[in-house]
Amino acid sequence: MQANQLRAEFISFFTTGSKDHKKIPSASLLPENDPTTLFISSGMQPLVPYLLGEKHPLGSRLVNSQLCFRAEDIAEVGDNRHTTFFEMLGNWSLGDYFKQDQLTWFFEFLTQVIGLDPHRLYVSVFEGNEAVSQDKESIELWQKLFSSQQSAQSGKAGFDPKIKIYTYGADKNWWSRSGTPDKMPAGEIGGPDSEVFYDFGQELGLHEKSAFKNKPCHLNCDCGRFLEIGNSVFMEYKKTTAGNLEKLPKKNVDFGGGLERILAAKANQPDIFKTDIFWPLIKVIEKTTDRKYSGNETVMRIIADHLKAATFMMAEGLEPSNKQAGYVLRRLLRRAAVKMRQLNTDCAPTFDPIALKVVELYPEYLKPTVDLKEKLKRVIGQEIERFAASLDRGLKEFAKADDGQLDTLLAFNLFQTYGFPFEVTEELFKRRGKSLDKKAFDVIYKEHQQLSRTASQGMFKGGLADQSETVTKLHTATHLLHAALRKILGEHVQQVGSNITAERLRFDFVHSEKLTAEQLKQIEELINQQINNDFPVKMMTMSLSEAKAQGALACFGQKYPAQVKVYTVSNFSKELCGGPHVSSTKELGEVKIVKQESCGAGRRRIYARLVN
């Protein structure tokens with residue numbers, strides 16, 4: 001089975017017959033109006049308002065395949081199953097069906113639709129804590145599905161092939177975007193989950209060959225024997241400002257299953273990079289480097305994963321920079337470049353064919369236009385050129401160091417500042433008769449890694465409850481800005497991206513010239529005129545075709561479902577949008593444009609904030 005077939009089978013399974021789910025498109029990797037994160041990292045992220053109780057225009061049963069990126073997993077890439085970029089098959093119940101239907105349907109999909117051997121499937125459930133009791137309902141459902149009379153066993157006790165159901169604590173069987181209940185900020189939603197694992201079998205000796213061979217093997221062991229292929233989250237709780245968990249108005253199901261992982265299970269292939277969603281990239285890397293995958297697995301996996309993620313980011317308009325999402329893209333390209341150098345290959349001519357192969361592998365999402373191909377080549381070429389200069393600067397810094405300064409801290413600074421891999425620095429040390437302590441380097445690296453993860457998790461600090469009021473106002477202000485730009489500059493203006501934090505809005509649009517001071521003044525005055533008029537902000541649900549016929553504006557390149565929400569402000573603004581918005585323009589106070597800049601050829605970017 002190939003990836004495109006698996007994706008289609010999953011969507012078909014949930015959209016046909018009595019299951020009657022509605023397919024929704026994959027949201028952009030770059031969230032427009034979520035200040036808590038840089039990228040879409042799970043299928044539920046774009047659906048948070050609906051999981052909180054807002055009605056979705058397509059109803060209470062949804063399904064899709066969502067493109068995701070998790071920056072915190074960069075350091076994990078290199079083994080047989082971890083990636084930063086992945087495709088998440090997902091289905092949702094928004095206050096509709098719950099545990100029985102969800103677990104039964106997923107088991108049916110795995111065993112009857114794609115034909116996985118149920119003898120190779122094992123599951124985990126939430127063991128309970130002082131706030132939420134053990135998930136006995138899921139345990140009983142799994143016992144029926146497996147026709148097993150065996151009781152659930154604690155996962156910490158190890159693995160017994162006769163036991164199908166294992167219990168774990170909140171660190172393994174609780175899901176929220178920010179982690180365990182104690183880490184959830186006010187307003188964040190989450191709940192206990194039940195994961196399904198595929199067993200590649202003891203006969204492969206994966207555990208015995210791993211770094212964990214002296215520890216008991218169990219479902220969540222990192223040896224690679226067991227592969228998590230699906231997670232049914234029972235989204236029932238919301239964190240309060242008092243630090244407690246309260247029940248949501250409706251019980252929701254949030255399911256996510258990695259396309260790449262389910263594909264590997266179907267092929268009984270423990271290395272996901274040997275499936276058709278990755279192997280063509282590995283073959284290109286082999287060809288361009290004249291090296292074999294065997295013996296270079298870790299390096300080639302990192303190159304394939306990072307360039308796939310980078311290609312999707314660049315296709316959505318992101319370019320390398322030293323800030324936020326742009327910095328992540330820069331890190332991906334430069335880390336891949338370092339790994340390519342480890343293969344003794346110049347990365348500039350080898351990256352282009354890999355990126356173009358990514359485009360070829362994803363016809364569902366990427367269109368192989370001349371513009372896209374040229375853009376990928378341009379951005380990659382410019383970044384690799386900058387990186388080469390950075391390496392040169394690093395070599396000069398190393399040359400300045402006297403023998404007394406040749407220590408582990410210098411090695412890490414070269415790694416962190418200039419991207420020098422440990423192996424390169426180690427060779428430089430040897431040339432000057434010095435040795436480098438790898439263990440000491442790893443200690444510093446892990447401390448830095450922990451700080452990075454803490455910073456990443458810190459994106460959630462404050463939570464949706466704290467951010468929502470300002471973000472909602474800025475969201476409405478963005479619609480007014482879009483309409484004002486078109487009225488002052490012309491109808492060629494089209495939105496190509498936006499980003500909102502609790503402090504400001506950022507709006508990207510098509511326009512070839514820098515705006516004059518007079519134009520900026522006119523735009524600002526026009527927006528504030530609509531605010532002072534105290535117009536109501538109205539919402540209607542209609543078909544996509546009807547919305548377009550009425551002239552509703554849409555974001556360029558964004559995919560929309562068959563039924564959409566249209567927000568209108570008098571006869572001034574009409575846009576397709578998922579919300580949320582204020583009820584009246586007067587609530588915004590005043591909008592102040594604070595900055596404009598170029599964000600690519602023929603594109604401008606405006607920053608604005610609210611003045612109360």
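Trainee: How many bridges do β13 and β14 pair over, and in which sense?
Mentor: β13 and β14 pair over seven bridges, in the antiparallel sense. Strands here are DSSP runs of E with at least two residues, helices are runs of H or I with at least four, both numbered from the N terminus, and two strands pair if DSSP finds at least two bridges between them. Across that pairing, S543 stands opposite Q563 in β14.

Trainee: Before I go on, what kind of model is this?
Mentor: It's a predicted model: local features need pLDDT of at least 70, side-chain atom pairs count only at pLDDT 80 or more, and totals for chains, interfaces and linings use all residues. Residues are numbered from 1 along each chain as its sequence is written, and side-chain values use heavy atoms, with hydrogens and water left out.

Trainee: OK, and what does β14 do with β15?
Mentor: β14 (residues 563-569) pairs with β15 (residues 573-576) in the antiparallel sense over four bridges. V566 stands opposite L576 in β15. The two strands form a hairpin with three residues between them, and S570 in the turn has a positive phi of about 50°.

Trainee: Which order do the strands of that sheet take?
Mentor: The open sheet runs β13-β14-β15, three strands with antiparallel pairing. β13 (537-543) and β15 are the edge strands, each pairing on one side only.

Trainee: Switching to helices: how do the axes of α1 and α3 cross?
Mentor: The axes of α1 (residues 3-15) and α3 (residues 99-113) come within 11 Å and cross at roughly 135°. Axes are lines fitted to C-alpha atoms, for helices over the stretch in contact, and angles run from 0 to 180 degrees between N-to-C directions.

Trainee: Which residues make the contact?
Mentor: On α1 they are L6, E9, F10, F13 and F14, and on α3 they are W105, E108, F109 and V113; contact means heavy atoms within 4.5 Å.
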